[in-house]
Each structure stands twice: as C-alpha cells, then as structure tokens.
Amino acid sequence: MKQDHLRNVAIIAHVDHGKTTLVDQLMRATNVFRENQQVQDRVLDSNDQERERGITILSKNISITYGQTKINVIDTPGHADFGGEVERVLNMADGALLIVDAFEGPMPQTRFVLRHALDLGLRIVVVVNKIDRPGSRPDEVVDEVFDLMVELEASDEQLDFPVVYTSAVNGFARYEANDGNRDMIPLLDTILKEIPAPDCEPEGPVALQVCTVDHSSFVGRIGVGRLYSGTLHKNEQVLVIKRDGTRYNCNIKQVFTFDKLGKVEVNEAHAGDIIAVVGVEDADIGDMVTSKEQPIELDPIKIDEPTMAVVFQPSDSPLVGEDGEFVGARQLYERLDAEAESNVTMRITHLEDKSGMEVAGRGILQISVLIETMRREGYEMQVGRPRVLFKEENGRRLEPIEEATVETPSEYAGKCIEVFGNAGGEMMDMASKGDQTQLVFKIPTRGTMGLRTKLLNATRGEANMFHRFMEYGPYRGEYTGRKNGGMISMSTDKAVAYALDTLQQRGTLFVSPGDECYEGMIVGESAKEGDMVVNVSKTKNLGNQRSSSADKAIQLTPPQKFTLEEALEYIQDDELVEVTPKNIRLRKRILNTIERKKAAKMR
C-alpha cells in the first residue's frame, strides 16, 4: 500500500558540490524557520569540524512538509572515508537527489555514493548545482552523469532520470538552466512527482531495521531506521533479531519521528516513516525489531571492513598534563570504549599487552576526525603511524588498493604522474577539462600516505586529489618510507632563535623560538638521510669584544606546521604524534638518545 503522504529521499554528492547548502534552501522554502529567525549557513553541519573542513561527517535526518506531504531528508557524507554512513542510510530511502557541480561534473566520490544508490534500486533525480558559476556547462555535465550511470550499469528506468538546475547559494531551482525562475518550487515538485512513495503494509507485522545508531548519556543507544511494515507503539513488546541470529524480547520505551531539525516523541509510528526507538539496549546496525508473533527478517546490511589502523596510547611526554584535562590511560580507554559504542564504522580494540588501543577505520581522514574531536574535549594522547590492514586469502597476502583521481593544471600533469609512479601508482585514465587535466590512478593504500603533500609541493598547491577504496589486490612488496632524517632535540628546554638560525641551514624547522621542546622531540627535517641530534637551546657565547656583525638581526624562515593528517602521514614506525588540546608535536618512540641507539643496534 502506497503511503502518499510520505517521501524518503537521500541527498548524495561529491565533497563541496553544495549539498548541505541546498538542504538549507529546501528548509527555507518550506518555512522550517520563522521569518525573523537568524539562521547560520549550512545549518546541518552542526559539528565544529564539519563547518571548519566544509564536509559532512555524520549522516543526519530531518523532515520538511510541502503541501500535505512529509519529506524525510537524509543528508549523507560526501567523502569516501565516511562511506560506512552512506551505505547504511541509503537503505532508508526510496529515491535520491544526486547533486553535481555544473562546472566540475561527476567526481570520484560521486561515483562512490551513486553506485550504492543504484545497487539499491533508488530513483535518481539529478540536480545540476552552481549553474551561476563562471564556466558552468550544465548540458555537458548531464551527459557525463548519463555516461557514468551507464558505466555503473543503471537500469533503463534509472537512466530515464529527471534533471533540475539549481543555484543553492542564490536559492533557486529551474527545469531549464535559463528559464528565469527564482524559487525552489521546481525541485520540491520534482521530489513529489518522481520519488516514489513508500510501498508498505500499515496493517502488517512490525518490521524495523536499524540503519543508524545514536547514543545518549541519558537513555543509552537509540536505534534509527525505517519502519517497513506495521505500526510500532510506545511500550510495545517486540522481538529483536541480531545480525548473528540471536533473538531476545524487549520493551520499546520511547518512539520518535523526525520533525524539522529535531525528533518528536509519539505514541505510535506508522509504516513507511523513518523513526528512532529507545529500549533496544545493545542496538546495532542491521538489527531487526519485529513482531513476536510474526517475525520478519530483511537482508542484512553490509558494512565494509576498515582498511587502516592507528594505535592510541596515553602520553608519556615530559610535557604531559600542561595542556590537557584528561591525560590518564583509564580516561583515554573509557573515551575510546564509548566511541566504540556509538561509532559502528570503526573497529576499536584493546591491545593484548594493555599498552594502548587500536582504532581501525576507512582512512586517515576518518581517524584524524576522531583524534581532533578528542583533543577538543581536553584529551592528551600519542598515536603511532597508520598501519594498512592486509588480508590473507588462499595463502596469498592481499592489500587494499585505491582509485585516486587528481585534477591539476595541465602544465603539472607530468610531475603528478612522476609522484604517483614513485608511490607505486599505475595510471588508468587521462582526460582534459579546459586548462585542467584529470588523471586517474590505481594505487595501494600504503602509497597514498603522505602523497597529498608531495602532490601539492610538485604542483605549487594547484592539484586536488580524491581517493576511494577500490578492491583488495596482490601485495606489492615493501615501500621505502621518508628518505630524509629528522632533527631530534637533545635536551628539554625552550627553542632559541640563535640555535634555530644555525639549524635552518641544514634542513626544515618545525618549531619557533620560545616553543617548549624535549629530548627525543622531532624539531625539524634534515636535508640528508639519517637522524641528526641537535641542540635547539644553544645560546651565543657573550664576550667583552664587539664585532661589526654582532648585533645583526636573525632572519628565521617560518616553521612548517603540520595538520593532524599530515603529521600521521609524515611519521615513521619508530615515531609518534603527540596530540594535546593546544599542540601537535612529532617525537621518537624512545626519547633517550643512548637507548634509541641501543634499540637500533638490536634491530
């Protein structure tokens, strides 16, 4: 039975193609906000890091009402590192808005999310956004989307997709790129006309599949999913079927539906709607909440395995406790255990020797977002070099392979090919887009670590790189890591300009005058191979004679500062990244110079 008063639609797009801004305009067009209400841009990017990075990290559910129809809108992440979110939440939708930049066209992450949507048989509405952008080419972009969908083996019905042209920034949608319309009504009308209403059995047995798990310190786990059939009541006794087949009875304590930007508690929820339930204590992705008398089981939701892992340890730095509020091992482990409860896309386990915890995720970005969240909460920790997760199959060692796409000015294409070649990449495709060249490579995940920095250096900051997990392939052999050695501080003291002036002639510095340094801390990169122990606190010997150059002002080059991702990609196996609320420092695992030399000889 069709639930014509409902539409469940996901919004999918490549990073920075205007997805969250478009959702803002849909909310304005359907009067979610009061006329005099002050609303920040990208209201769904509620997380600080989402606003700073300009990306969606967590999937979010909202609802808008257009006419007599409730439209559940699912905002999905655009970055492949958060693909675990995309795969699950698309199960709740009947259709999807595919947003594509009118200049850039389909991009690597567009392919990633679109493949999942097509595999689920969703009805696709193509939204060509930023048609007001200089150089926009909406007609060519529509052709490129069609070619991509053919390549992804879309059905004939999916290939007959409707197209809407929009400018999310200016708040208008059009059936034709130049028809002059200035509101969002064409997009809303297209959603009602083209996205099918949920087809379900309101009178059937209860069947809810959990697609997302929220966590509250007050009520514990909150299961979010689509009610495929039946009517679920508050305080109803239901059967929970776990992914491993185990079953138990439980009582639904609260039922919520989504209303505008929040949730509203209801006494009953009806088939076809997206709802949240409290009462399933160990709610997990793929769990079925169903009728005890007539249990229903749906196909399990598959979650792709992590491809990269990092070890978190309590900090043992000489400067520990100066910045952070939470520095102990127990506090760190409790925080990561809580993350394991609420974040099912990461695999978080305690190491056997109790020295730390291993956090495995889809990529460095996903792991660094967790680290950044924790340091903002006041945690201090040290993390090791990311480790790629290998597989054993039929006696063969397999490693994750990624598809990397680079957009660069044509003059730097040769340098990009050289950088990828040195990292084990193989070129699969090359195409020109005006004065830009798009290069597609197949490269082991190990090869992508530190690659973005090398690309930016080779192209003077002009290249853009995106990569996504492709497959597990044969192990490619050992790679050499960073060639240049580090400058290692020999003492615990503040850096002095006089000492740094001498050291900057021998490499690149990571610290400024006045920065706190300690023995074993990496204060710079040497221009040669092999580590170099240096004195960053050396001062000038003062004599009673003056020379003409005695008072010459010291000119220091600004030090290189690392982001979290860059620091994780930079370090070697015998090094760590020390993370505090105020600082990101690089250091050796063994701080003492003599002990470090002994350990090197034993290896």
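Helices (H or I, at least four residues) and strands (E, at least two) are DSSP runs, numbered from the N terminus. This is a predicted model, in which local features need pLDDT of at least 70 and side-chain atom pairs count only at pLDDT 80 or more, while totals for chains, interfaces and linings use all residues. Residues are numbered from 1 along each chain as its sequence is written, and side-chain values use heavy atoms, with hydrogens and water left out.

**Stop 1: a charged patch**

Select helix H5, residues 138–151, and find Asp 143 in it. Asp 143 is partly exposed because its relative accessibility is 48%; buried means under 20% relative accessible area, exposed over 50%, and partly exposed in between (1.4 Å probe, protein chains only).

Patches are made of residues with over 30% relative accessible area and no salt bridge; like charges are joined within 9 Å, and nonpolar side chains (Val, Leu, Ile, Met, Phe, Trp, Tyr) within 5 Å.

**Stop 2: Asn 129**

Select strand E5, residues 123–129, which includes Asn 129. Is Asn 129 buried or exposed? Its relative accessible area is 1%, so Asn 129 is buried. A polar atom of the Asn 129 side chain lies 3.0 Å from the backbone nitrogen of Ala 168. A polar contact is a pair of N or O atoms within 3.5 Å; within protein, one must be able to donate a hydrogen and the other to accept it, and residues adjacent in sequence count only if both atoms are side-chain atoms. Next, select Ala 173: its C-alpha atom is 8.8 Å from that of Asn 129, although the two residues are 44 apart along the chain.

**Stop 3: Arg 375**

Go to helix H9, residues 364–376, where Arg 375 is found. Arg 375 counts as buried, at 12% relative accessibility. A polar atom of its side chain lies 2.9 Å from the backbone oxygen of Thr 580.

**Stop 4: salt bridges**

Side chains of opposite charge can pair when their charged atoms come close. A salt bridge is a side-chain nitrogen of Lys or Arg within 4 Å of a carboxyl oxygen of Asp or Glu. How many salt bridges does the structure hold? There are 27 salt bridges.

Select Glu 140 and Arg 137, whose side chains meet in a salt bridge at 3.6 Å, N to O. Glu 140 is partly exposed at 47%, and Arg 137 is buried at 16%.

Then select Glu 297 and Arg 247, a salt bridge with its closest N and O atoms 2.8 Å apart. Glu 297 lies in the loop between strand E17 (288–290) and strand E18 (308–313), and Arg 247 in strand E12 (residues 247–251), so the pair ties together parts that are 50 residues apart in sequence.

**Stop 5: a nonpolar patch**

Finish with Ile 417, Met 427 and Met 430, a nonpolar patch on the surface with about 250 Å² of accessible area together. Accessible areas come from the Shrake-Rupley method with a 1.4 Å probe; for residues, only the protein chains shown count as cover. Ile 417 is in helix H10, residues 413–422, and counts as partly exposed at 31% relative accessibility.
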